[in-house]
Amino acid sequence: MRLLALTAFAVVLLPASASAAPTGKFLQDAIKGDNSEMRLGALAATRAARPATRAYGRTLQRDHAKAKTDAVALAHHNRVAVPTAMMPEAQAEYRRLSRLRGAAFDREFARYMVDDHRKDIADFQEQARTGRDGTAALAERTLPALRKHLRLAQSL
């Protein structure tokens, strides 16, 4: 009977403690996300029609390069492999944006950045709340830049 009670207790606790991404997955996804934002930002900095969209692209490049430096340092500390790839959905978006010019590019880029940063903020908030091995602190430090990027994308 006592074993059954402990087992039931453990099952109840598992979902709450398992809500954050494991350290390695979170760090690899964060770095892939930084790679994605830097590459998409570089594309916007050269292809966008509006100066505000080009400036936003440069902001993404700069801010995500800094975030990547922090994430890579934590990945090395936790012995997590550092990816060089982009997120798959960002690769698809890069291909889509590469075919667009002018106002159509600017609209699609802004739409994608709003959606992407909303998702990133939700993921980083959860990691900040429940992460381990330094990922909670990394997520907390990164959130202000992600929120700024969302506001800027919404203003485009």
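I take a salt bridge to be a side-chain nitrogen of Lys or Arg within 4 Å of a carboxyl oxygen of Asp or Glu. The model is predicted, so I keep the limits in view: local features need pLDDT of at least 70, side-chain atom pairs count only at pLDDT 80 or more, and totals for chains, interfaces and linings use all residues. Residues are numbered from 1 along each chain as its sequence is written, and side-chain values use heavy atoms, with hydrogens and water left out.

**Entry 1: fold and surface**

I looked up the secondary structure, taken as DSSP runs numbered from the N terminus (helices are H or I, at least four residues; strands are E, at least two). The protein has six helices and zero strands, and the pattern along the sequence reads α-α-α-α-α-α.

I then checked contacts (heavy atoms within 4.5 Å). Of those between residues at least 6 apart in sequence, 75% join residues at least 24 apart.

For burial I used relative accessible area (buried under 20%, exposed over 50%, partly exposed in between; 1.4 Å probe, protein chains only). Buried residues account for 40% of the 156 residues.

**Entry 2: cavity**

I searched for cavities, each a set of points on a 1 Å grid over the protein atoms alone where a 1.4 Å probe fits but cannot get out. Volume is the space filled by probe spheres set on the points, which are joined across faces, edges and corners. The whole structure gives one cavity of 30 Å³ or more, and the largest cavity holds about 40 Å³.

Which residues line the largest cavity? I list Ala-30, Asp-34, Ala-67, Ala-71, Phe-124, Leu-138 and Thr-142, where lining means having an atom within 4 Å of a point. Helix 2 (23-47), helix 3 (51-77) and helix 6 (135-155) each give at least two residues to this lining. By class the lining has five nonpolar residues, one polar and one charged. Here Ala, Val, Leu, Ile, Met, Phe, Trp, Tyr, Cys and Pro count as nonpolar, Asp, Glu, Lys and Arg as charged, and the others, Gly among them, as polar.

**Entry 3: salt bridges**

Side chains of opposite charge can pair when their charged atoms come close. I count ten salt bridges by the rule above.

Lys-66 pairs with Asp-70, with the closest N and O atoms 3.4 Å apart. Both residues lie in helix 3, four residues apart, about one turn of the helix. Lys-66 is exposed at 55% relative accessible area, while Asp-70 is partly exposed at 26%.

Next I looked between helices. Glu-93 and Arg-111 meet in a salt bridge at 3.8 Å, N to O. Glu-93 lies in helix 4 (residues 88-98) and Arg-111 in helix 5 (residues 102-130), so the pair ties together parts 18 residues apart in sequence. Glu-93 is buried at 0% relative accessible area, whereas Arg-111 is partly exposed at 38%.

Glu-108 bridges to Arg-96, with the closest N and O atoms 3.4 Å apart. Glu-108 is in helix 5 and Arg-96 in helix 4, so this pair ties together parts twelve residues apart in sequence. Glu-108 is buried at 15%, and Arg-96 is partly exposed at 35%. Through shared partners, salt bridges join Glu-93, Arg-96, Glu-108, Arg-111 and Asp-115 into one network.

Technical notes
On a 1 Å grid over the protein atoms alone, a cavity is a set of points where a 1.4 Å probe fits but cannot get out, and a pocket is an open set with protein on both sides within 12 Å along at least five of seven lines; lining residues have an atom within 4 Å of a point.
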